Amino acid sequence: MIILDALLQGILMGLLFALVALGLTIIFGMMDIVNFAHGEFLMIGMYTTYWTSLLLHIDPLITLPASAIVGMLLGLASYYCLVKYLLRGPMIAQLFGTFGLMLFLRYLAQFLFGTDYRIIQKGLLVGKTLALGPFMLDWTKLSSAILSLIAFLFVYYLLHRTKLGKALRATALNREAANYMGIKTERMNALAWMIGGGTVGIAGGLIVNFWYVYPTVGLLFVMIAFASVAMGGFGSIKGAFFAGILVGMIEMLFPVFGHLIGSDFLGPHFKFTVVYFAYFIIVVLRPQGLFGWKK
Amino acid sequence: MEKIRDAFDFRDFSKPEKVGFAIFTLFLLIFPWLGAGSFVKAVAIQFLLFSLFGMGWNTIGGYGGQVELGKAQYVGIGAYTVALTMVWWKIPFWVSMPIGVLIAIGYSFIIGYPLFRLKGHYFAIATICTSLVLQDIFINWKLVGAAKGIELPIREHPDFLYMQFKSDTYYFYFIMALFYVAIFYMNWFRKSKLGYQLRMIKEDEEAAESLGIDARWCKIKAYSIASAFVAVGGGFLAVYNLYIDPYSVMDLDLSIKIALMSMLGGAGSMWGPIIGSAFLVPLDRFLGSWLGAQKGLIGVDFMIYAALIMIVSAYQPRGIWGIIEQFRKRGA
C-alpha cells in the first residue's frame, strides 16, 4: 500500500518534472544547446505567481497566464540578446554562456527579493487534501499535475498537429533543408525559446503552490530536468514525458524502499542522488537515451 | 632524459611570451616582500591554486576538447584524504597528499571507463552527475563529518611535515612551487605523444581512430592526469583552510569555475588557464569584498561577473588568449 501511495505521488511529481524538461528538450532539439538557465526560468515563474497572487489577492492558480507570459518574454529576450550570438561558438562557449545567464538571473532575484524562503499560504486549494479511497492526495499537487498534463498535451498538439509545429520539427531535423523550403529558421529558434520559456514558466507557477521559492531553487530542478531530458534522449518530447515520470517515481519510491529494508543510510536525503545515478547508468548503457534520435 | 629536457625547453614560444613569463616569475618570487596585505596575499594564493586546477582541466578539456564539468569531486578526494588521514592517524601531509592523488587516479579510471562511452552534452551532464553523487554521499556520510565537514587539528608550532604555518608567505611559496611543477609538466605534455593524440581527437575523432589512435583510452589517460592535478590542489586546500566541508570542496560551482577559468583564458593553450584565473579570481574576490559589503547591493557583484561571462562567451569563445592572438595576427 505504501508503495502504491509513493507510486501515485511520484507520478504526480513526475508530471511536473516532465513539464520542466519539455522546454529543455525542445530547445535542445532545435539548436543543440543545453540551457543551464532553465532552472532560473522556473524560479522566475515561481516568483511571478507568488508575487501576483500576493499583491493582487487572487488565487495562485489564476495567475498562471502571467507566469507563462513572463516565461515566454524571458525566453525571447535571452534568445535575441544572448543565444543568437552563442550559436556561432563551440559547445563549451554555449554551455558557459547559458551558465552566465543562470548566475545573472539567480543573483538578480537575490538582489530584488532577498534570500528568504517564501511559500504561498493563501489559496483555494492550499492545505486541502483529497481522500481517494485509502490514498490522501494534496489538492495542490493533484491540480498542478493535471494542469501540467494539459499544458504538455497542448504543446504536443502544437508541435505535431499544426503547420507551425511541423515547421519547427522540420528545422530541428535538418536546418538547411528547412531553410530551402522557405522556413525562417531564425524565427523558429526564437519560437523554440518562447515555448521553452513559457512551459517552464507555467511549471514554476504550478510548483510554487507546494514548494518554497528562493533564488537558488532552480539548481535542483535544472539538474533533475537535465537528468530526465538526457534519460529520455535529448530532443525527444516523448522521452521527456516518460523520463520525467520515471524520475518522479524513482524520487518517491527510493525513500520507501530504504524504509522497508530498514536502512538508515538509504533515506530520503538520497532521493535525488539516485536520480543522478540512474541517469548515469541509463546513458552509459544506452548513450542516446531511452527515446533519443539525436546523438 | 629527453622528457626532462622537453619540460624545460621553452624555445618554441614567441619572444613576448618568453619575456612575459620571465617577468611574471620574477614578480611572483618577490611578491610576498612587496608589502601586500593579507587579503591580497590570499587572493594571490587563490590565483595560483586555480591556475593549477585550470592547467589540470586543460589537459582533458582544452587539449582533448571534452567538456568536463565534474572536477570538484577530485578536489574533494584530495582534500578529504589529507584531512581524514591527518585526523585519524596523524599521517603527515607529504605522505597523505600522494595517497590522495593515487586514490583520485584510481577513481578516475573507474568512472572514466564508462564515462568516455559518452560524447557531447551527455558526457558533460554525466560528469556533473558523478560529482553531485559523490558530494551527496559525503554530505550524508557521518564517518567523514557529513555536512558539518572536518576541522584539521591545529599544531602549536609551525610544522613543515603537516604543512601548517603561521604566515601566508610559506603557503604562497609552496603553492607557487606546485604551480611551477605544473607549468613544466604542461610544457612537456603539450609536446608529448598523448598531447598530439588528444589534439587530433579534438579535431576529428573518427580520423584519429582510423589512424590507429585509441580515442577512449587517450581520453581516460588525460582525464586521470587532470584528476591528479586537481587532487594535489585539493590536498593543498585542506592544509591551507584547515577546514573542509562538502559544500566548499565538492560543489558544482567549483567544478564550473575550474572549467570556466580555463575557457575564459583560452582552452587548449599553455597560458590560457593562468590568464583566465589571473583575470577571474581577483575580479571575483575584489568585487565581492567591495560590493558585497555595501548594504542593499547583495548579489550585484555576481551579476557583473555573470555579465562578463556572457559577453566573453558570445564575443570570443576562444577566450582572452584568443583575443590576444587575434590582435597579434593583425599586427603581424
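Modeller: A definition is needed at the outset: a residue is buried if 20 or more other C-beta atoms lie within 10 Å of its own, exposed if 12 or fewer, and partly exposed in between. The model under discussion is predicted.

Helix H1 of chain A covers residues 2-31. At 1.5 Å a residue, its 30 residues should span 44 Å, and the end C-alpha atoms are 43 Å apart, which agrees. Of the 30 residues in H1(A), 22 are buried, so the helix is largely enclosed by the rest of the structure.

Directly after H1(A) comes A:Asp32, with a positive phi near 55°. A:Asp32 adopts this positive value although it is not a glycine. The residue belongs to the loop between H1 and helix H2 (38-55) of chain A. By the cut-offs above, A:Asp32 counts as partly exposed, because it has 16 C-beta neighbours inside 10 Å.

B:Leu242 is placed in the loop between helix H10 (215-241) and strand S2 (243-244) of chain B. With 14 other C-beta atoms within 10 Å, B:Leu242 is partly exposed.

Elsewhere in chain A, helix H5 (residues 139-161) packs with helix H8 (residues 185-207) at an angle of about 170°, their axes being 9 Å apart. That angle makes H5(A) roughly antiparallel to H8(A). On the H5(A) side the contact involves A:Ser144, A:Leu147, A:Ser148, A:Ala151 and A:Val155, which meet A:Ile195, A:Thr199, A:Ile202, A:Ala203, A:Leu206 and A:Ile207 in H8(A). The residues of this contact comprise 8 nonpolar, 3 polar and no charged.

As to the contact between the chains, chain A contributes 36 residues and chain B contributes 33. On the side of chain B that touches chain A, the elements giving two or more residues are helix H6 (120-140), helix H12 (252-266) and helix H14 (300-315) of chain B. H6(B) gives the most to that side, with 12 residues. By type, the residues of the side of chain B that touches chain A are 25 nonpolar, 6 polar and 2 charged.

Note on methods
Residues are numbered from 1 along each chain as its sequence is written. Chains are lettered from A and ligands numbered from 1 in the order in which they are written. This is a predicted model: local features need pLDDT of at least 70, side-chain atom pairs count only at pLDDT 80 or more; totals for chains, interfaces and linings use all residues. Two residues are in contact if their C-beta atoms, placed from the backbone, lie within 7 Å. Helices (H or I, at least four residues) and strands (E, at least two) are DSSP runs, numbered from the N terminus. Ala, Val, Leu, Ile, Met, Phe, Trp, Tyr, Cys and Pro count as nonpolar, Asp, Glu, Lys and Arg as charged, and the others, Gly among them, as polar. Axes are lines fitted to C-alpha atoms, for helices over the stretch in contact, and angles run from 0 to 180 degrees between N-to-C directions. Angles under 35 degrees count as roughly parallel, over 145 as roughly antiparallel, 65 to 115 as roughly perpendicular and the rest as oblique. The expected span of a helix is 1.5 Å times one less than its number of residues.
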